[in-house]
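Hello,

I am passing a structure on to you, and below it you will find my notes on what turned up. I hope they make a friendly starting point.

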Amino acid sequence: MEIIIIYNICFITRKKSGKNEVLMLFRKKEPNKHKWNGVGGKIEPGETIDESMEREIIEETGLKVKGLTFRGIVTWNQTGGMYVYRAEDTGGGLLACDEGELAWKPYQWVMEADEVVPNIKYYLRDILLDDPPYEFACTYENNLLLSVKKKPLANMKKIISPTKIRL
């Protein structure tokens, strides 16, 4: 089966006053309008997935990050998906973002708030750990999340290009 992946997302973290925080974006555009999400976007022609993620972070936040690490993929209904990354804040100031409002949110809030994109609570913990990368296969019906299955990414047979994978 071939899934076309044209998106990426990154969860940038920092520790503030002893608490773990995640940089979140309150989207003012579809998809996920009026929901908190990670930072990311579309992969441009000619970019590697790493280059695309670095560009999206700078465009949407103005931040330079450290430890940018590929952590897996999130797929939906076996038709599309996104590459998932994590990174750490280096302490710079946030820029205004055309995509929506940026805010540092406590990790626990991200895991519990109804205003967060619903599938995030099923994979964020794993993304922030040092375990091997996973696929998080989401099943939706009528825009309602029905299930998320965590699968070892070792099942990925071949990367065809930065935007297509064969599972």
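One term first: a residue is called buried when its relative accessible area is under 20%, exposed when over 50%, and partly exposed in between, using a 1.4 Å probe and protein chains only. By that rule Cys-10 is buried, with a relative accessible area of 0%.

Please keep in mind that this is a predicted model: local features need pLDDT of at least 70, side-chain atom pairs count only at pLDDT 80 or more, and totals for chains, interfaces and linings use all residues. Residues are numbered from 1 along each chain as its sequence is written, and side-chain values use heavy atoms, with hydrogens and water left out.

The overall picture

Helices and strands here are DSSP runs numbered from the N terminus (helices: H or I, at least four residues; strands: E, at least two). The protein chain contains 3 helices and 11 strands. Read from the N terminus, the order of elements is β-β-β-β-α-β-β-β-α-α-β-β-β-β. The chain is as compact as a globular protein of its length, because its radius of gyration of 15 Å is close to the 15 Å that the globule rule gives for 167 residues. That radius is taken over C-alpha atoms, and the rule is 2.2 Å times the number of residues to the power 0.38. Along the principal axes, the C-alpha trace spans about 45 × 35 × 30 Å.

Of the 167 residues in the chain, 42% are buried. The protein chain exposes about 9200 Å², and carbon and sulfur atoms supply 49% of that area. Such areas come from the Shrake-Rupley method with a 1.4 Å probe, and for residues only the protein chains shown count as cover.

A contact means heavy atoms within 4.5 Å. Taking the contacts between residues at least 6 apart in sequence, 63% join residues at least 24 apart.

As for charge, the chain has 25 positive and 24 negative side chains, with the centres of the two sets 3 Å apart. In this count Lys and Arg are positive and Asp and Glu negative, while His and the chain ends are not counted. Each charge is placed at NZ of Lys, CZ of Arg, CG of Asp or CD of Glu.

The cysteines

How many disulfides does the structure hold? There are 0, where a disulfide is a pair of cysteine sulfur atoms within 2.5 Å. For Cys-10, the nearest cysteine sulfur belongs to Cys-97 and is 14 Å away. Cys-138 is in no disulfide either; its nearest cysteine sulfur, that of Cys-10, is 18 Å away. Cys-138 counts as buried, at 2% relative accessibility.

Backbone points to look at

Most residues other than glycine have a negative phi, and most peptide bonds are trans. Where does a cis peptide bond occur? It joins Glu-30 and Pro-31, with omega about -5°. Pro-31 sits in the loop between strand S2 (19–27) and strand S3 (36–37).

Two asparagines also deserve a look. Asn-142 has a positive phi of about 50° although it is not a glycine, and Asn-143 has a positive phi of about 65°, again without being a glycine. Asn-142 lies in the loop between strand S8 (134–141) and strand S9 (144–152), and Asn-143 is found in the loop between S8 and S9. Is Asn-142 buried or exposed? At 74% relative accessibility, Asn-142 counts as exposed, and Asn-143 is exposed at 77%.

Tyr-134 belongs to strand S8 and is buried, with a relative accessible area of 19%. Leaving aside neighbours within four places in sequence, Tyr-134 is in contact with Arg-71, Gly-72, Ile-73, Lys-150, Lys-151, Pro-152 and Leu-153.

Glu-88 is part of strand S6 (residues 80–89) and counts as partly exposed, at 40% relative accessibility. Not counting residues up to four places away in sequence, Glu-88 touches Ile-12, Thr-13, Val-65 and Lys-66. Glu-88 and Leu-68 are 20 residues apart in sequence, and their C-alpha atoms are 7.3 Å apart in space.

Ile-3 is in strand S1 (residues 2–16) and is buried at 0% relative accessibility. Its C-alpha atom is separated by 19 Å from that of Asn-119, 116 residues away along the chain.
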